[in-house]
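Please read it alongside the coordinates.

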Amino acid sequence: MSLIMFLIPLNMRSAFGEKRFIVIASSVAIPAISAFLANNFWGGLSDLKRRLKPFLIVGLIGYTICLTLLGLVNDSQSVIIVVALTPLIYGALRPTSQSYITLSRESEKGKAIGDLFSFQSFGWLLASIACWKLYRIDAASHIRWILFGGAGLAVFAAAAVAFFLDDIVVPREKTHNSGLVSSIREDLTVLYNSRKILVVCVVTFLAQIGNFAFFSLYSMYFTEYIRGPQNLLWFALGGSTIFGMIFYSIAGRLADSIGGRKTLFLSVVLYLLSYTLMGSTTNPLLLSIYYTLPVYPFINVANTSLVAELSGTGRRTGGMGILNGTFSFSVAAGALLGGIVADGSGLAYLPVVAISLLLLATVFTYYTVIGPSWERAK
C-alpha cells in the first residue's frame, strides 16, 4: 500500500512528466473510492458467509494484480485505470484482517488491533527503505522492480494464509432476506443505522479528510515547496513508520485501559497539534521531525476497537467494512481536495486546509463522543 501511496505519485510526476496536481492526487483518490465500495461489499459478504480466511486470500491476490500491473504501465492514464479497478479486489483484505484479529483476541481488542497495525507499519518501513535505496528520477526500471517485489511478497503472504492460518467461523446474525445482495444490504443497513457507529465514522471522515488533503501530496510539498532533500524525505517516511510500530502497541493498551472513546478524542487532538506544528515551519529538518510524531496509531486503534465493540461478533467484518469504507472515502475526498487547493492556490495552503478540518473534527468529537449524547445514542 505504501508503494501505491508514495512511489506512484512521485513516479507520475518525474518519470511520466505529469504537471497537474489534481491528476497526481487522483492516483490516491480514485482507488480510495473503489476501496469504499469494496470494503462494504466484502465486509457484508464475509458476515453472510461466516468465513474470513477466503477473503484474506482474495485481498492479497488483489494486491498482487495491482502491483504487477503498475510495474508494467508507462503513462498516467494507465496508472489511473489500474488503481481504479484493483481495489475492488484488494479491498477485501483490510476489514477481514481486522475482524480476524479482534475475534481471535476478543478480550483485548485494542492491543490486538495495535499489534496488527504495528506489523502493517513494518511493511511501510520496508517500502520506505526500498524506495530510498532504489528510486532514481531517471531509472523507471528500478521502480518497476520495487513494484514486482511487492507483488511477490503478496503472493507469499497469500500462500502463507492458505496453508498455515486457521479459519474462523463466526456466528451468523439472522436475516430476513434469502438473496445474496438483499442479505448483504440488510446486514449493512443494521450497522449503518447504529448512531454510535455513524458518529465514529463521521469523526474518522473529518480527521482523515484533513490528514489526506496534506498527506497525499506530502512528497511534493516537501521536495517542491519546502525544497527539502529527497533523502530526508525517505528518512522521515521511515522514521514515521518506526515510531508507528512502537506506539501502536501503546495505543492498543491505552484503548483497552481508558476505552476507545477517550483514546479517539485524544488522537484527534494530537492530529490537530501535529499539523499545527507542521504548518508553522518551512525548515525541512523540523518538518521531518514533526512528520514523524506518532499520532496516527492512536486514531487507527481507537476507531477500529470502538467499531469492533459496537458491531458485535456476528457483524464484525461488516462493521470493519463500513469503517474502512469511511476511511477510504475520506482518503479520496482529502486527496482530491488537496489536489484542487494545490492547483488553485499552491502547495503552501495544504497545512491550512488540514488544520481547519482537524479543528472541526476536534469540536465534533468532544460533543458527540465524550459528551452525554453518546450515552443517549443507540
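This is a predicted model: local features need pLDDT of at least 70, side-chain atom pairs count only at pLDDT 80 or more; totals for chains, interfaces and linings use all residues.

1. Two packed helices are described by the angle between their axes and the distance between the axes.

2. On that basis, helix α3 (residues 53-70) and α6 have axes that come within 8 Å and cross at roughly 145 degrees. The crossing of α3 and α6 is left-handed.

3. For helix α11 (residues 218-225) and helix α14 (residues 284-291), the axes come within 11 Å, and the crossing angle is roughly 165 degrees. Angles over 145 degrees count as roughly antiparallel, and α11 and α14 are therefore roughly antiparallel to each other. Their crossing is right-handed. Tyr218, Tyr221 and Phe222 of α11 make the contact with Pro284, Leu287, Ser288 and Tyr291 of α14. Six nonpolar residues and one polar residue form the contact of α11 with α14, and no charged residue takes part.

4. The pair α13 and α15 has axes that come within 8 Å and cross at roughly 150 degrees. These two helices, α13 and α15, are therefore roughly antiparallel to each other. The crossing in which α13 passes α15 is left-handed. From α13, the contact draws on Gly260, Arg261, Thr263, Leu264, Ser267, Val268, Leu270 and Tyr271; from α15, it draws on Tyr296, Phe298, Ile299, Ala302, Asn303, Ser305 and Leu306. The class count for the contact of α13 with α15 is nine nonpolar, five polar and one charged.

5. Which elements give two or more residues to the lining of the second largest pocket? The volume of the second largest pocket is about 210 Å³. There are 14 lining residues, and the closest to the pocket centre are Gly259, Gly260, Arg261, Leu306 and Glu309. The elements that give two or more residues to this lining are α7 (109-134), α12 (230-258), α13 (260-279) and α15 (296-311). The largest share, four residues, comes from α15. Five nonpolar, four polar and five charged residues make up the lining of the second largest pocket. Gly260, Arg261 and Leu306 are listed among the residues closest to the centre of this pocket and also in the contact between α13 and α15.

6. The largest cavity has a volume of about 70 Å³. Its lining consists of Arg94, Gln98, Phe117, Thr204, Asn300, Asn303, Thr304, Leu323, Asn324 and Phe327. At least two lining residues each come from α6 (93-104), α15 and α16 (316-344). The lining of the largest cavity divides into three nonpolar, six polar and one charged residues.

How values were computed. Residues are numbered from 1 along each chain as its sequence is written. Side-chain values use heavy atoms; hydrogens and water are left out. On a 1 Å grid over the protein atoms alone, a cavity is a set of points where a 1.4 Å probe fits but cannot get out, and a pocket is an open set with protein on both sides within 12 Å along at least five of seven lines; lining residues have an atom within 4 Å of a point. Grid points are joined across faces, edges and corners, and a volume is the space filled by probe spheres set on the points. Ala, Val, Leu, Ile, Met, Phe, Trp, Tyr, Cys and Pro count as nonpolar, Asp, Glu, Lys and Arg as charged, and the others, Gly among them, as polar. Axes are lines fitted to C-alpha atoms, for helices over the stretch in contact, and angles run from 0 to 180 degrees between N-to-C directions. Angles under 35 degrees count as roughly parallel, over 145 as roughly antiparallel, 65 to 115 as roughly perpendicular and the rest as oblique. A crossing is left-handed if the near helix is turned anticlockwise from the far one by less than a right angle, and right-handed if clockwise. Contact means heavy atoms within 4.5 Å.
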